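Please walk me through this structure, feature by feature. I would like the general idea each time, and then the case at hand.

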Amino acid sequence: MKILLHCCCAPCSVMPLRLLREAGHEISAFFYNPNIHPYTEYKKRRNCFREYMEAEHVPFALLDDYDLEGWLGELNRQMSRPQAPGRCGFCYAVRLRQAARFAAEHGFAAFCTSLLVSPYQQHELIKVCGERAAAEFGLQFIYQDFRPYFRQGQEIARVSGLYLQKYCGCIYSEKDRYFKPKQQPLIFDNKWQKRINQAAKSDKNVNC
């Protein structure tokens, strides 16, 4: 079967690409991930994807669309609606719909996504979004649970020198990864700190 594989990044594409090829399918790759922020992170993942597909001799298409303001604006509008599917649901739906559109326009019978290799993604929600997009464009969405091969794929990516990201992609996931809020915000002010140090020094001299 001729399948378009939506790729969220090169490392996550390693095992889905390998397994689908071994099953006898004709695979092409598709990169469309406007959710990735900031732009420096986006460039690293985009360039790594391109280099990996060229090295593996995989036909690919790269929809190089980076609209930070548009993405965040639409996400916030969707999140404000009643019964919104959440930011991940919005993210899956937009990317998989674009993949389905491209697949339908270029003669593919089905499409799949490398998101299905990650144990950190919401598989049931991905499946719903994928099947919805497939129905809209008259395609088949290939759902396959690649999670048992996640660690193997990561090790292959590491040995191959592929860029391994530290968070999912969007600016919200970057915050979840690195920002650990305290119960009360701390204020750092150089002038205040100097005064505190001087006061402490004066108290020490008086006590002596």
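Q: What should I know about the model and its numbering?
A: This is a predicted model: local features need pLDDT of at least 70, side-chain atom pairs count only at pLDDT 80 or more, and totals for chains, interfaces and linings use all residues. Residues are numbered from 1 along each chain as its sequence is written, and side-chain values use heavy atoms, with hydrogens and water left out.

Q: How many helices and strands are there, and in what order do the elements run?
A: Helices (H or I, at least four residues) and strands (E, at least two) are DSSP runs, numbered from the N terminus. The protein has eight helices and five strands. From the N terminus, the order is β-α-β-α-β-α-α-β-α-β-α-α-α.

Q: What share of the contacts joins residues 24 or more positions apart?
A: Contact means heavy atoms within 4.5 Å. Of the contacts with a separation of 6 or more, 73% are between residues 24 or more positions apart.

Q: What share of the residues is buried?
A: Buried means under 20% relative accessible area, exposed over 50%, and partly exposed in between (1.4 Å probe, protein chains only). Of the 208 residues, 38% are buried.

Q: Which residues have the most contacts inside the largest nonpolar core?
A: In soluble globular proteins, nonpolar side chains tend to be buried together. A nonpolar core is a set of buried Ala, Val, Leu, Ile, Met, Phe, Trp, Tyr and Cys residues joined through side-chain atoms within 4.5 Å. Here the largest one has 50 residues, and Met 53, Phe 111 and Cys 112 have the most contacts inside it. Elements that each supply at least two of its residues include strand E1 (2–6), helix H2 (39–55) and strand E4 (110–113). H1 gives the largest share, seven residues.

Q: How many aromatic pairs does the structure hold?
A: A pair of aromatic rings is described by the distance of the centres and the angle of the planes. Rings of Phe, Tyr and Trp (its six-membered ring) pair if their centres lie within 6.5 Å; planes under 30 degrees apart count as stacked, over 60 as edge-to-face and the rest as tilted. The structure holds 11 such pairs. Take Phe 31 and Phe 49: their centres are 5.1 Å apart and their planes at 35 degrees, so the pair is tilted. Phe 31 is in strand E2 and Phe 49 in helix H2, so the pair ties together parts 18 residues apart in sequence. Both are buried. Now Phe 111 and Phe 141: the centres are 5.1 Å apart and the planes at 55 degrees, so this pair is tilted. Phe 111 lies in strand E4 and Phe 141 in strand E5 (residues 140–141), so parts 30 residues apart in sequence are tied together.

Q: Which residues do ring pairs link into a cluster?
A: Phe 31, Tyr 39, Tyr 42, Phe 49, Phe 60 and Tyr 66.

Q: How many disulfides are there?
A: A disulfide is a pair of cysteine sulfur atoms within 2.5 Å. The count is zero. For Cys 48, the nearest cysteine sulfur, that of Cys 9, is 7.9 Å away. Cys 48 is buried, at 8% relative accessible area. The sulfur of Cys 91 is 6.3 Å from the closest cysteine sulfur, in Cys 168, too far for a bond.

Q: Where does Glu 56 lie?
A: Glu 56 is in the loop between H2 and strand E3 (60–62). Glu 56 is partly exposed, with a relative accessible area of 32%.
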